[in-house]
Every structure is written in C-alpha cells, then in structure tokens.
Amino acid sequence: MDAKTLLRDCLDKYVFLFSDCVPVEGHTASAIYDLTRRLISTFPSAYYPFFELFRARRLREIVGELSAEERADFVDFLEFLLEHEYVGVVDDPAAFPAISRSWDAPCTIHNAIVDVRGQHHDYRKIVADLDALGCQHLQVRAYSRLFGLPELAELARLCQGSSIQTLEAILAYDPSLGDDDYMAVVSAHRIIASLVVHSADDERRIAVDYGARGAAAKLLTREIELTVKSIESHLDCGHIARRQLLPPTTPTFTELLHFNGCLNRKVSIDEGGHVRNCPTMKGSFGDHRTVALADVVAREDFRRVWRARNDEIKVCRDCPYRYACTGCRALLADPDAEDSKPLKCGYDPYTDSWTDWRDRPNATATMARYQARVHLPIVRS
C-alpha cells in the first residue's frame, strides 16, 4: 500500500507504528530503531510530532488539520514509513501494547577488560572471580609482546567451563610468528571470538573456518585482523563513529534507556593490576590480587557510573543515535565537566553530520591532557 491509497481508503483508521519500531527524537534528525531488523533510519525531526498524533487520532482528523503544503510533506513522510514497513493501519491502536522498556540480565557483571603491558596478572584468580559474578564476555588488550599467543591459549583454557562465553584479544604483532600460528590458536579455542593483532607489517585478514563448507562456513568463520595501526594504551579506546554504533535490538535498546552502554555491569583490570570501572578512568578500587571482584562491584561508588545515561549528557541527549552508542565516559570533550559529551565522538546532532573528532576545536589539546595524565603515578581514591 502506498500513501495515496492509504489516504483514499483508510481515513477512518489509525496509522500504527509497529511495536518493534521505536521512534527516537533528536535535535535536527530523529530516528526509528527497527529492533527486529537491527537497523536505524533517520528523518527530519520536524516530522516527529506525528507519532503522538498517530496513536491519538484517526487519519482523517490528522489530515483535516493540515494545510496543503503540510499535507504534501505528510504524504512524503507516510511514503517513507510505508516503504520501510514501519507502519500499518488498524482500527484500535490500544489493542497493540508497546514493548516493555525494562531491562535486566542474569549476571552481576556482563563483561570485563584486562590490560597487559609490563607485568602479568593473576589470570586464574581473575577468571574465577568473573565466573562467580556470571561474567559472559572477557577482552584482553596487550600493549606489548609480554602477553602473546601462548598466554592467550592458556587464558582460553582457564575460561573453559566458566560463565565466560566469548574471549576477545588485542595482541601486539610478533614478527617471529606466521599466519598459521594465529590460526592454530583460534582454531583450537572456539571461545576466542575475536583476535586483532596491532602494529603488524601490513593490513590483512585471516579466515578461520573450522573446516566448515558452504552456507555453514559463513556462519562459523572467524576473521583474525592484522593491522599496521599501533594500539599503544587504553587511550586508543573510546572512538564513536557511525560504523561503531550498536545494531539496535530490544536488549541493547532497553539497556541504553537506563544505563551507560560501555560501563554498565563492566569491571576492568588496568595494566598495573588495579581494579577500575574502565582502564582509562580515575579511581582504583584496589589491586586485583588482594581484593575480591565481588566485593568491589557491590560498592555503590563502583556502580554509580553504570547509570550515566546518554539522556543526561550534554549534546548526547539531543542525538538520535543515543540508544545505539556506548557513550564513553572516560575521555570527555570537557574533562572538567562530568556531563560532557565523549571526546572522540564525531557526530554533531545540531547539524546532523559526521566528521573526524580531531577536527573539533580544542580536541587535540584535550587529548594531550589525557596523554599527560597517563604518565602520572596511580593514586588510589
């Protein structure tokens, strides 16, 4: 059905936005999150008020209040909604309840990060502590060759039988290893969901298909990414670009309504062995060797940052992508303002445009402040 047919034959019905298609208002552009197809479509925010009218008034009433110019724009908007299959027509929208906006997860900690540079950690204790908390995802980031393939294989063995479902690794390139060495470790440990090797001699990807063929290979194949980019420290994290937005699903959308997309139910061990919300954030909660992670995450001052919602952050609250964005709270555009937008975000909701975050005024100087802080002694708070 097209818009003209709808306006001809369905004036006494309601336009119904399907429950899994959620409108999100932004300053200049607004969005519809298609939670089933995991897609986001944007449109001018001037059309956003129509969504309230759709549930309250029949189509005849809405059209009757529009001028000729407004009606032409309305037809264009209806075409957009129908083309993307976001709406239908119904006799009574009250018969179609909205999706619940509540969120929870069957774990105390959902994911964890461990950074490694000049010293090893007590990986056995870390995995045991994370298992007790129901942690499902673990990422290890190595900035030196101290933690390499043998250590990754041992960590994968430690994770077997625990609550941890996926292990991601970022390793420093070792010129003594060949592609077959990386493939062998990933093939032997299917818990390894992602492997990125930084500071490599060239850019390439290695496919690990586990021997599968045909359609099954597309589902099972994992790619090992080798990149010439150097990942030098935790300050290389926190980028927010269009390609890094989270595909919208009901769990991710509802979580980001209530919590921060990066920090919620996360615990981290920095390269010095200190427990933090994030390796880049100030404030140590003790050395992981001497404190139980369960005791740390039970503290209200540890959990407080989980609730740093994008709806409460300056600029972010005007962004149509705010429920698909991890929302870094460690590197801020204004380090002195707790409610500042992320430093490395390239989107401007007031112009609806994406640019390189480094082109923003003062961004380079702000990053230099964070880089200087890295070299200061760690002070417990």
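## Salt bridges

E312 and R309 are joined through their side chains by a salt bridge, with N and O 3.1 Å apart. Both ends are partly exposed: E312 has a relative accessible area of 43%, and R309 one of 22%. The model is a predicted one, and a search of the whole structure finds 26 salt bridges.

Two further pairs can be described in detail. R205 forms a salt bridge with E223, and their closest N and O atoms are 3.2 Å apart. R205 belongs to strand β10 (residues 204–208) and E223 to strand β11 (residues 222–226), so this pair ties together parts that are 18 residues apart in sequence. R205 is exposed, at 53% relative accessible area, while E223 is partly exposed, at 45%. The other pair is R157 with E154, where the closest N and O atoms are 3.1 Å apart. Here both residues sit in helix α6, three residues apart, or about one turn of the helix. R157 is partly exposed at 46% relative accessibility, as is E154 at 33%.

## Helices α6 and α7

Helix α6 (residues 149–159) also packs against helix α7 (residues 179–188): their axes come within 10 Å and cross at roughly 10°. The two helices are therefore roughly parallel to each other.

On the α6 side the contact is made by L149, L152 and A153, and on the α7 side by D181, Y182 and V185. By class, this contact has five nonpolar residues, one charged residue and no polar ones.

Which residues of helix α9 (residues 250–258) are buried? They are F253, T254, E255, L256 and L257.

A112 is part of strand β6 (residues 111–116). The relative accessible area of A112 is 4%, under the 20% cut-off, so A112 counts as buried.

Leaving aside residues up to four places away in sequence, A112 touches L130, C135, H137, L138, Q139 and V267. A112 also lies 5.4 Å from K266, C-alpha to C-alpha, although 154 residues separate A112 and K266 in sequence.

Methods:
Residues numbered from 1 in each chain as written. Predicted model: local features only at pLDDT ≥ 70, side-chain atom pairs only at ≥ 80, totals over all residues. Heavy atoms only, no water. Axes fitted to C-alpha atoms, helices over the stretch in contact; angles between N-to-C directions. Helix = DSSP H or I, 4+ residues; strand = E, 2+ residues; numbered from the N terminus. Parallel < 35°, antiparallel > 145°, perpendicular 65-115°, else oblique. Contact = heavy atoms within 4.5 Å. Nonpolar A, V, L, I, M, F, W, Y, C, P; charged D, E, K, R; others polar. Buried < 20%, exposed > 50% of the residue type's maximum accessible area, 1.4 Å probe, protein only. Salt bridge = Lys/Arg side-chain N within 4 Å of Asp/Glu carboxyl O.
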